[in-house]
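Work through the two exercises below with the structure open. Each task is followed by a stepwise solution.

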Amino acid sequence: MIKSLIGKTDEAIQLIFDKDTFQENVIGNTRLDKDLAPPVMVGQAMIDGEVCSVLANNSKRPNPRFRVVYSGILGMEEAYKFSQAMYATIEADKERPKDKKRPIVLLIDTPGNSPGKIEEIVGMTKGTASYQFAIEDARLAGHPVIGLIIGRAVSGGFLCHGLLSDRILALPAEYGTIVHVMPTTSIAVITKIPLERLNELVKTNPVFASGAEYFYDLGGIDEMVKRPEDMRAAIIKSIKEVRALRKQGKEDQLGIWHRGVVGAERGGRQKRMEAIKKMQEEYEKMLPELI
Amino acid sequence: MKINWDDLQSKSFYQATARERAYGMLDKDTFKELLGPRDKMTSPHLLILGEAVEFDDGITVGIGKIKKHPVFVVSQEGKFVGGALGEVNGAKMAYTLKLALKTYEKMKEKYGTVPDDRKPICIVSFDSGGVRLHEANAGLLMHSESMETIWELQNKVPYIAITGSTIGAYGAQGFVCLSADVVIANDFGRIGLTGPEVIQQEVGKDEFDASDRALIWRTMGARSKYILGDVDYLIKDTIGTFRDTIVNMVDEPMSKISKTRKVGSPQLVEENLEVVKLAAEKKIKDSKDLWKIYGNENVDEIPEMSQEKFLSVVKRRPRRH
């Protein structure tokens, strides 16, 4: 009986992909540098008999070159290695038709981006931006990108590693998953709003609450996966759905903007929709003199 | 309140409000605000928490003109909750970027191609610490919406990022800023991911003292970022100077404007990774170490010298792509 998959990415890989098929640092003909970004676990595996790319990280492996990169924190090398894996995936399937591109599975268990001094000097910002652009490049090429929260999906870590996926799945809080920008206790300190009041408000407003279920209500997560045993089937199903929607030209039912629509349907982020609608109306009135 | 465009030109960019910056950078009296204060679209979440609200939710967005270009402007107000982004102001930012893209597509549909001298332009004037914690989840999601749209704008609509106000471009806004085609800054500009206090907490006061302003400035400040090639134009602190810098580039072909992109291709991944490897190999401890690597001898003087002097002596990281 699995209680939590935090820090147990290797176990998650065993549960999700075809038995013993994960090859680390191999994607198509590309061999990724095994010494670069030790926390990163990328490579290829089979899922349901089909080759896919796996982008994950192993919290037990720190980066010896960057002292703030440990316990699942993603630093600069990590962000660039994820980017390399994305581009290697695109390269591996460049001859394949758009609807036959291999899926990309992101296993998410990170407490965030590296908050270090060297990272600020050199630019953690560019690392995370690069990875986000690489995910979009892979989606454009036709690869279904599925993110699955198996542990922690926190703030900037979740922003770069997961949030731009075609579909985001998550295990519920009972398996220890943590999804937030920061814990409610820290929000109370910074905003100077009493914790008791925040905890009371969480019951009716998911907008600052910590947890996968609250993100689900806002449309930040597409689908909850009930148990770790169901992860594999949920990913296979999502890959099929993404492919089918792409084939029908329904790109607008995938990705981050679509999740805004989903959020509104679930009762969250109503004002976002209202703001967009109003801006669109004002824009249409201005359009004739713009073009 | 009527804003006098002519007066704005000589006004300090650093001291200007978000609305003044937006208004003054575009051609005279062309800026039209979208979802402005009169619409009173405030944050429902700040209200529930009993916090003060603003009718524009701390951001000015709108459309105006520079020469023949329709220009889409996002201008963040650092004086309101640190310019941080939540559900409403986040939607205003992301959707303004989206409207620039829609306009490009409509022009393409109408004319077949989009001429260089008429293409839409996107300007974001940063003054934000990132996600607004009072509505953190919505703020986080909004950042991804902006990032996806910025990715879509590539090679179509020039996206110009500006930092030179009180807060800088911090937190997740740091990478939204550096995803731009062109980054313009005055000497107050700052770009970073993690705030100084959090870094101090993480690495210890010996290595990073959050109260040391000189250290913060040389770590995240515009001069260091200019040496690194993250800031492309380091300019004087008036709204007019920012405007002139933009006016001078907008008619250039997209391919030329995008030459200063910092991210967005496998080549740039490798080029940026080289800097990371260099920093690890040389065991750099301070920005000054990196400035030296790129050929600057007088690193202790760099923060103190006039901007004019700095620009005449500075050596920058050579770019390959």
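A polar contact is a pair of N or O atoms within 3.5 Å; within protein, one must be able to donate a hydrogen and the other to accept it, and residues adjacent in sequence count only if both atoms are side-chain atoms. The model is predicted, so local features need pLDDT of at least 70 and side-chain atom pairs pLDDT 80 or more, while totals for chains, interfaces and linings use all residues. Residues are numbered from 1 along each chain as its sequence is written, chains are lettered from A in the order written, and side-chain values use heavy atoms, without hydrogens and water.

**Exercise 1.** Describe the interface between chain B and chain A.

Step 1. Count the polar contacts: 30 residue pairs, both at pLDDT 80 or more, link chain B and chain A.

Step 2. Find the main contributor on chain B: helix α4 (residues 87-111) gives the most to the side touching chain A, with 15 residues. Helices here are DSSP runs of H or I with at least four residues, and strands are runs of E with at least two, numbered from the N terminus.

**Exercise 2.** Describe the fold of chain B.

Step 1. Chain B has 14 helices and seven strands.

Step 2. Its radius of gyration, taken over C-alpha atoms, is 19 Å, close to the 20 Å from the globule rule (2.2 Å times the number of residues to the power 0.38) for 321 residues, so chain B is as compact as a globular protein of that length.

Step 3. Of the 321 residues of chain B, 64% are buried, meaning under 20% relative accessible area with a 1.4 Å probe, protein chains only.

Methods. Buried means under 20% relative accessible area, exposed over 50%, partly exposed in between (1.4 Å probe, protein chains only).
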